[in-house]
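Here is a friendly walk through some side-chain contacts and backbone details. Keep the viewer open as you read, and turn to each residue as it comes up.

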Amino acid sequence: MNDIAKEGLVAVEAISAHVPFHALSHQVLADATGQDPDKFHRGLGCSRMAICHPTQDAVTMAADAGETLLERWKVDPDDIGMLIVATESGVDWAKPIAIYIHQMLGISPNCRIFDVQHACFGASAALAMSVGWIRSGMSGGKKAMVIATDIARYEVGSAGEPTQGAGAVAMVVGEGSGGVLFPDFSSQAIYARNVMDFWRPGFCNSALVNGKYSVECYLKALSETYAHYRRSGGESYRQLKYLLFHFPFTRIGWKALVMMADVEAQISGDVASEEELLGIYDEKVKPGTTGAREIGNVYCASLYLALASLLEAEKDCAAGEKIGMFSYGSGSCAEFFTAMVGSRREIWEGKIGLLGGISRRENIDYETYLDFRKHSARLYQDNSFRIGDVPLGNKLPPDAHHLFLGYRNMKRIYIPGPAMRVCLSRKIRTGALPPVE
Ligand code: HMG
């Protein structure tokens, strides 16, 4: 085992996000469906939700996040020895999304490749696994890449519809002492329980959810994991500089903070007034909520979108500060862990791509949103397109590196997107040119 592995200095060395180009505002949704916009804006804490163009799926979003990371952080794809994609938007029962990404990013063949799935918990499982892989010395000095990618989709008109979203976050984990963040899973504050709060049978395009019960399950898992973390010597929520949660909608951050304060009162007798909690929310929770408010739920990627939001938004975020992180996956498994900020803001400035991605987007109207959904569903039928056809081509996202065209002879067909041209030479070098099947 080398020295770094012995000391346990395993870091998230790089993080980048992909934000879909199209968004539906909650005001437009409220106007079209005759609902009160205040319910969405204040009741759920949402402003806009990302909507995938039919040519964008969990594969193209993951590839775009990975592409941004490799380019902006100057990571050599040959240094990656393990690629894990965390998703609940899988496209095949057997073939993992990770193997498409492996080709699209031009990663070396000498690499472990697989997907992980446990609802929104998958990315935290993948991150913990990557940290352990490097700490064990098994990585042989190579890095792990973890990409969380998902499309949160509920039935039109359902209570879940305003909590939809889509996107991806890519991270590289390595031995770097100059890393952005040092995650610490050592308190083992994990809680697993078989519940039917949210699920998606293999034959359904949208998730099924027992909404209010799912919020109860989430808060119960938070109380169990935070209590475990505190009883094993962890700092109180007041001592942690920031608090990031899995954000299916931002308002749940307030409910989560209140739950932590209740648990804290039982454990240490420290009682917080509502006024105090409002101040704590603004200081510790709010800086991580931009992604969820502007993009919506991104299932596996949500917690890491919160991390990206915090890093991009918080001018005062400084090396050595500790972040409390709560990951919840329906079904269910949850973990409360911490991460220490490892470097100065200048290290990540301009490389994450979240706020830039949010500001470049195009707002769509309600009819276009329904059209996107209709065409996405159609692309799941075999031979549903003619070669050369791009569904809704006039609305193509200009920043897409890859486009999904549909199935041909039972194989998914991907071709280069409009943004691919700018990095064509790297694609040719890595042999990742079309079509990718
Ligand atoms: P609902 O029935 O639409 O909403 O369901 P509601 O009637 O409970 O209202 C929501 C809030 O808005 C309430 O506030 C209302 O008072 C308020 P609260 O009492 O909760 O603080 N409200 C208003 N506020 C201002 N002005 C108004 C107004 N009207 C109402 N006019 C629910 C909400 C979240 C259940 C629904 O959207 C849903 O089912 N979402 C999907 C499931 C979900 O997000 N669950 C979260 C926990 S489980 C989880 O996070 C895992 C998950 O990500 C999946 C995975 O792990 O893969 C989902």
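A residue is called buried when its relative accessible area is under 20%, exposed when it is over 50%, and partly exposed in between, using a 1.4 Å probe and protein chains only. Please bear in mind that this is a predicted model: local features need pLDDT of at least 70, side-chain atom pairs count only at pLDDT 80 or more, and totals for chains, interfaces and linings use all residues. Residues are numbered from 1 along each chain as its sequence is written, and side-chain values use heavy atoms, with hydrogens and water left out.

**Salt bridges**

Let us start with the charged pairs. A salt bridge here is a side-chain nitrogen of Lys or Arg within 4 Å of a carboxyl oxygen of Asp or Glu. Searching the whole structure turns up 12 salt bridges. Three of them are set out below.

| Asp 38 | Arg 42 | 3.8 Å |

Asp 38 and Arg 42 share helix α3 (residues 37-44), where they are 4 residues apart, or about one turn of the helix. Asp 38 counts as partly exposed because its relative accessibility is 35%, while Arg 42, at 62%, counts as exposed.

Asp 371 and Lys 374 sit in helix α14 (residues 366-378); being 3 residues apart, they are separated by about one helical turn. With a relative accessible area of 30%, Asp 371 is partly exposed. Lys 374 is exposed, its relative accessible area being 55%.

Glu 294 and Arg 48 are both buried. A network of salt bridges links Arg 48, Glu 294 and Arg 361.

**Aromatic rings**

Next come the rings. Rings of Phe, Tyr and Trp (its six-membered ring) pair if their centres lie within 6.5 Å; planes under 30 degrees apart count as stacked, over 60 as edge-to-face and the rest as tilted. The whole structure holds 15 aromatic pairs. One of them joins Tyr 229 and Phe 336, a tilted pair with 4.9 Å centre to centre and 55° between the planes. Tyr 229 counts as buried at 4% relative accessibility, and Phe 336 is buried with a relative accessible area of 1%.

There is also a cluster in which ring pairs link Tyr 100, Tyr 380, Phe 404, Tyr 407 and Tyr 414. Tyr 100 has a charged neighbour too: Lys 95 lies over its face, at 5.1 Å from the ring centre. A charge sits over a ring if NZ of Lys or CZ of Arg is within 6 Å of the ring centre and within 35 degrees of the ring normal. Likewise, the charged end of Lys 351 is over the ring of Trp 73, 4.7 Å from its centre.

**Backbone details**

Finally, have a look at the backbone. Most residues other than glycine have a negative phi, and most peptide bonds are trans. From Gly 331 to Ser 332, however, the peptide bond is cis, with omega near 10°. Ser 332 is in the loop between β12 (322-329) and β13.

Lys 74, which is not a glycine, has a positive phi, near 55°. Lys 74 is placed in the loop between α4 (58-72) and β4 (80-86), and it is exposed, with a relative accessible area of 72%. Asn 409 also has a positive phi, about 50°, although it is not a glycine. You will find Asn 409 in the loop between β15 (402-408) and β16 (411-416), exposed with a relative accessible area of 56%.

Key: Helices (H or I, at least four residues) and strands (E, at least two) are DSSP runs, numbered from the N terminus.
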